[in-house]
Amino acid sequence: MKVFEVIEAIKENISNHNFSEPVHTQSEVYGITSMYQNLRAGDVFMLKASGNSGKYLEAALEYAPGLIITDFKADAFKAFHNQVDIIYIRNYNDVSIRMVELFYGKHMNQLKYIAVTGTNGKTTTSHFIGRLLSELGLKVATVGTLGIFDHTYEKVVFTHSTPTTPMHFEFAEVIKYFALRDYDYIVYEATSIALDQRRTDFISNEIGVFNNFSPEHLDYHKTMENYLASKLKLASLSEQCLVNADVPEYRSIMDDSYHFSKHQDTYYRFRTDIDHIDLRVGAAHYTVKPRFLGEHNYINLATSIFTLLKLGYDVDAVIDASRKISPPVHRFELFSKNTYDFILDFAHTPIAINESIINAMKYAEKVDKKLIVMVTGIGLRGYEKIRMTMEMVPENLHRLVLAAEQVGYEDEYEILKMMQSSLPESYDETNTITAISRQEGIVQAINHADDASVILLTGINEPQHYRGELLAHDDKAFIFSYLDK
C-alpha cells in the first residue's frame, strides 16, 4: 500500500503532516500497529498521545517504521522530522478504525462475530457459545480474559497489551490469523472499557449478548450511568441483540420479542437446579443435565443456548450439543488431591463471589460435607471493591479464609483489616482465618480441612502482582506441590 493511499483515507482527520525530503507519498507501507514491539521495517506506527509517547517514538525508530501517525499536537515531534515521516491527526480512534478497515478489511469480511458483554460471566458465556458452535461443526475462535483459543480449544499465543478485549490493531491481527485459516466465527468478550474506547467499532456483530449488570469498573467509568452507556454501545455494533430481560438497565435495547428471563413471560425462559436446567423455548420445554456443576455456570449455558437459537440454529441440535460441552478451566472446577476435595472458581466480583459460594453451599449439602471458603481482597481493585465483596459473603459458613492477593503496592494487613471490618456479623475469630497471600490462604484452608470438608477457592488464580513484581502462581500446581511434600 502506498503512503498516499493512507493519507487519502484519513485526510479529513489530518491536522498537519511533515514529510522529509524528498516527499515519500509514493513509498510503500506494509502493515500497521500501535505496539512498537510489533513493528517491522516499513510499517505504519500508530502513536497515541500519552506521557510515555516520546519514549515509544524513540523505541519505534529502532524498527525503521515507514510512517508514524499520532494525535499529539502538530509538530510535537519536530526534532524527529528528519528521521521519519509523521502525520498529526485530531481523533485517534476514528483514524484507528479507518486504518483497520484499510489494512484488514478483506479479512474482517470473511468472518462472523458474536460479542458478549455484562458484568459477570462473559468468559464462560463466550466459551460456551464457541463450544456449542464447534459441536455443530463450525470453526470458531474465542477471544477474552483467558486468552485466544482456536476451534480445538488450544491456546494461540498473540502479543497484546490488554487482558480481555484486544486493542484495535491487535484484534485486527487476530481476525486476520483466523480468516486465513477459514474460520466461521470469532466469539469475543466486549468489556465496557473496550466499548468506551471503541476498540471494536470496526466489527459488525451478528449478535450482541447482554447477560447481567452490576457495579464494576467505577474507577474507570466514575458513575454507573457511564458504565451502562458503555455497555449499551454494543447494541449499535450488532445486527441483533439477545437481552437478559431481568436486567432493567438493558430493556431500552429490546427491539424484538426474543429475550430471555428467569421470571418474566419471555420467549426464552430458564430455571436452574443443582444438577440441571429447565428451558422453555416458546411453548416447548427442554431439560439439560450438563456434564458439570454450578448454577451460575448453568445461567451462562442457558444464555449461550438462547444465543444460538436466536441466530436460527436448530433447537434439537443445540440442546444435544449443550449436553456434551464443558466450561472453561477454573469455572467451578471440582478436583481432589489425597483426601482433600476442592472447587476452583475464578469468581472475583462481589456478585460472582456471592453466587459461587451459594452454589458451593448447595453442593456441599448434597454431598454432606462442611464448606471452607477462601475469599480474597484484591489490592489492585481498591478498598471499595473489597468492602462490597465482603458485604456479599453469605452468612454462617463453616469456616472462612480471608486472604490478600494481587496486592500491587497496597499493604496486605490493611487489606485484611478492611475485609474483617466489612464482614457480616456472623463471622468472628471462631470461624475466620486470615492470610497475607493467596498461597498462604490455600495452606490455611487445607490445614483446617479434613475428608469431611470441601474447599472453595475464589479469586484471581493467576500470577500475582506484588510490589512491582509478577510472581508465578497456579492454584492446582501449588496444591499438588504442597500436598506432595
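Tyr153 is found in the loop between strand S8 (147–149) and strand S9 (155–156). Helices (H or I, at least four residues) and strands (E, at least two) are DSSP runs, numbered from the N terminus. The model is predicted: local features need pLDDT of at least 70, side-chain atom pairs count only at pLDDT 80 or more, and totals for chains, interfaces and linings use all residues. Residues are numbered from 1 along each chain as its sequence is written, and side-chain values use heavy atoms, with hydrogens and water left out.

Tyr153 counts as partly exposed because its relative accessibility is 30%. Buried means under 20% relative accessible area, exposed over 50%, and partly exposed in between (1.4 Å probe, protein chains only). Residues up to four places away in sequence aside, Tyr153 touches Gly130, Arg131 and Ser134. Contact means heavy atoms within 4.5 Å. Arg131 is 22 residues from Tyr153 along the chain, and their C-alpha atoms are separated by 8.6 Å. The backbone of Tyr153 has a positive phi, near 70°, in a residue other than glycine. Most residues other than glycine have a negative phi.

Arg467 also has a positive phi, of about 50°, although it is not a glycine. Arg467 sits in the loop between strand S23 (464–466) and strand S24 (469–471). With a relative accessible area of 32%, Arg467 is partly exposed.

The chain as a whole has 15 helices and 24 strands. Its C-alpha atoms fill a box of roughly 80 × 55 × 40 Å, taken along the principal axes. For 485 residues, a compact globule would have a radius of gyration near 23 Å; the chain has 25 Å, which agrees. The radius is taken over C-alpha atoms, and the globule rule is 2.2 Å times the number of residues to the power 0.38. Of the 485 residues, 55% count as buried. Among contacts between residues at least 6 apart in sequence, 65% join residues at least 24 apart. The chain exposes about 20,700 Å², and carbon and sulfur atoms supply 48% of it. These areas come from the Shrake-Rupley method with a 1.4 Å probe; for residues, only the protein chains shown count as cover.

Rolling a probe the size of a water molecule over the atoms shows where empty space is left. On a 1 Å grid over the protein atoms alone, a pocket is an open set of points where a 1.4 Å probe fits, with protein on both sides within 12 Å along at least five of seven lines; lining residues have an atom within 4 Å of a point. The second largest pocket has a volume of about 420 Å³. Of the 23 residues that line this pocket, Ile32, Arg40, Tyr104, Glu173 and Lys176 are the closest to its centre. Grid points are joined across faces, edges and corners, and a volume is the space filled by probe spheres set on the points. Strand S2 (32–33), helix H3 (92–108) and helix H5 (168–179) each supply at least two residues of the lining. By class, the lining has eleven nonpolar, six polar and six charged residues. Ala, Val, Leu, Ile, Met, Phe, Trp, Tyr, Cys and Pro count as nonpolar, Asp, Glu, Lys and Arg as charged, and the others, Gly among them, as polar.

Tyr36 lies in the loop between S2 and strand S3 (44–47). At 23% relative accessibility, Tyr36 is partly exposed. Beyond four places in sequence, Tyr36 touches Phe45, Tyr56, Ala59, Ala60 and Tyr63. Ala59 is 23 residues from Tyr36 along the chain, with their C-alpha atoms separated by 6.9 Å.

Thr123 belongs to helix H4 (residues 122–135). At 7% relative accessibility, Thr123 counts as buried. Leaving aside neighbours within four places in sequence, Thr123 is in contact with Thr145, Leu146, Glu189, Pro328 and Arg331.

Two further residues are partly exposed. Gly382, at 25% relative accessibility, is partly exposed and lies in the loop between strand S19 (370–378) and helix H12 (383–391). Gly382 and Ile343 are 39 residues apart in sequence and 26 Å apart in space, C-alpha to C-alpha. Asp320 lies in helix H10 (residues 315–322) and is partly exposed at 36% relative accessibility. The C-alpha atoms of Asp320 and Asp201, 119 residues apart along the chain, are separated by 34 Å.
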